[in-house]
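Subject: Structure handover

Hello,

Here is the structure I promised to pass on. Please open it first, then read the notes below.

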Amino acid sequence: MSQRCTSNCNSCGRRLLAAFIVVQLVNVALVHASNQIDVESDLRHLLGRCHSQSDEYNDCMKQVFNDLRAYFTTGIPDYHIKPFDPHHSDYVELRRGDGAHGIGSFRLVLRNVSEYGWSKSEVTKFHADAEDQRIVYAQYFPDKTLEGQYEFSGKMLGTEIKRRGPWNLTLYDYSQTTSVLRVGGPGSLLKVHVEVDRIGGMELHIGNLLGQSLNSLADGVINSMWQLGLPFVKPMINELVSTAFTDIFNESFRYFPLESFLGPASR
C-alpha cells in the first residue's frame, strides 16, 4: 500500500512538474509575441507619420531617428538590428604606403572596438535623396567613448616600429555627419561615409606607445597638443570610422524593410 502511494505521489509530482514547464514555455512564447507586436506597432507609429513625398519628410525622419534612441541599448532582434549603445566592431584596418618603402608607411589594426554614447546623441539635421538612394544626417554627442585593442607596424625615417596594446578615447562636445548610400536595388550593399565636424575636447590613452615608463608622458603630450595634429589625423579618423560603420550598417540595416513602415507616398 505504501509503495503504491509513493508511486502515485511520484507520478503526480512528475505531472505537476511537466505542467509547470509547459505553462512557463507558453508564458515565454506569449511575452515574445507581445514584445514583437509592441515593437512592430511602435515602428509603424513612429515611421508611419513620415510621408516620403511630403515637404516635412526630412524633419519627420529627424524626429524619428531621435525617438528611436529608446532601442539603442537593446537593438531590435526581430529585424536583426544589433544594439548601438554600445556597438562593436571586431576589426578595422588602416594602411598608408606599401609597408616597405617611404618615410611614413604604416599599418594600423583596431580590434574588439566598443563605442558608447549613442543614447545621449541627437540627430540635428536629416536629408533624404530618393533619386540617389542616399540619406545624410548630422549628429551631436555630448560625449562619446571608444575602447579596444590596437596593433601598429610601420617605418618612420627608415626605422621599423611595432606596438600593440589597449587604447581608449573620449570625445566631448562632438559632432559628425553620416552619409549612407545604397549602391543598388532593395537589399543591395550600403556604403557609409562619416565626416568629423567638430571635437570640443578629447582624452586619449594609448597603452605601450613609448614603453611602460613613458606612457603617462605620451598621454600628456597627446592630450595637450591634439588640436595641432587634428588636421593631419582627421582624414584617417574619417576613414577608420567609415569603414567600421559600413560593416555595422550592412549587418543591421541592409535588409530592413523601411518602406513598409512609412506613411503613404502622398496625402
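A nonpolar core is a set of buried Ala, Val, Leu, Ile, Met, Phe, Trp, Tyr and Cys residues joined through side-chain atoms within 4.5 Å. Buried means under 20% relative accessible area, exposed means over 50%, and partly exposed is in between, with a 1.4 Å probe and protein chains only.

Before the findings, some ground rules. This is a predicted model, in which local features need pLDDT of at least 70 and side-chain atom pairs count only at pLDDT 80 or more, while totals for chains, interfaces and linings use all residues. Residues are numbered from 1 along each chain as its sequence is written, and side-chain values use heavy atoms, leaving out hydrogens and water. Helices (H or I, at least four residues) and strands (E, at least two) are DSSP runs, numbered from the N terminus.

The core

The largest nonpolar core has 49 residues. Leu-108, Leu-110, Phe-245 and Phe-249 have the most contacts inside it. Strand S6 (residues 190–206) gives the most to this core, with eight residues. Phe-245 touches Phe-84, His-87, Glu-115, Trp-118, Val-192 and Val-194, leaving aside residues up to four places away in sequence. Contact here means heavy atoms within 4.5 Å.

Aromatic rings

Rings of Phe, Tyr and Trp (its six-membered ring) pair if their centres lie within 6.5 Å; planes under 30 degrees apart count as stacked, over 60 as edge-to-face and the rest as tilted. The structure holds 14 aromatic pairs. Phe-106 and Phe-152 are stacked, because their ring centres are 5.7 Å apart and their planes are at 25 degrees. Phe-106 lies in strand S2 (residues 104–116) and Phe-152 in strand S4 (residues 134–156), so this pair ties together parts 46 residues apart in sequence. Phe-106 and Phe-152 are buried.

Phe-245 and Phe-249 form a tilted pair, 5.9 Å centre to centre with 50 degrees between the planes. Both lie in helix H3 (residues 215–253), four residues apart, about one turn of the helix.

Charges

The charged end of Lys-144 sits over the ring of Phe-141, 4.3 Å from its centre. The cut-offs: NZ of Lys or CZ of Arg within 6 Å of the ring centre and within 35 degrees of the ring normal.

There are eleven salt bridges in the whole structure, each a side-chain nitrogen of Lys or Arg within 4 Å of a carboxyl oxygen of Asp or Glu. Lys-144 bridges to Glu-115, with the closest N and O atoms 2.9 Å apart. Lys-144 is in strand S4 and Glu-115 in strand S2, 29 residues apart. Lys-144 and Glu-115 are buried.

Arg-96 forms a salt bridge with Glu-239, also with closest N and O atoms 2.9 Å apart. Arg-96 lies in strand S1 (residues 87–96) and Glu-239 in helix H3, so the pair ties together parts 143 residues apart in sequence. Arg-96 is partly exposed at 27% relative accessible area. Glu-239 is partly exposed too, at 32%.

The disulfide

One disulfide turns up in the whole structure; the cut-off is a pair of cysteine sulfur atoms within 2.5 Å. Cys-50 and Cys-60 form it, with their sulfur atoms 2.0 Å apart. Cys-50 is in the loop between helix H1 (2–48) and helix H2 (57–67), and Cys-60 is in helix H2. Both Cys-50 and Cys-60 are buried.

Best wishes
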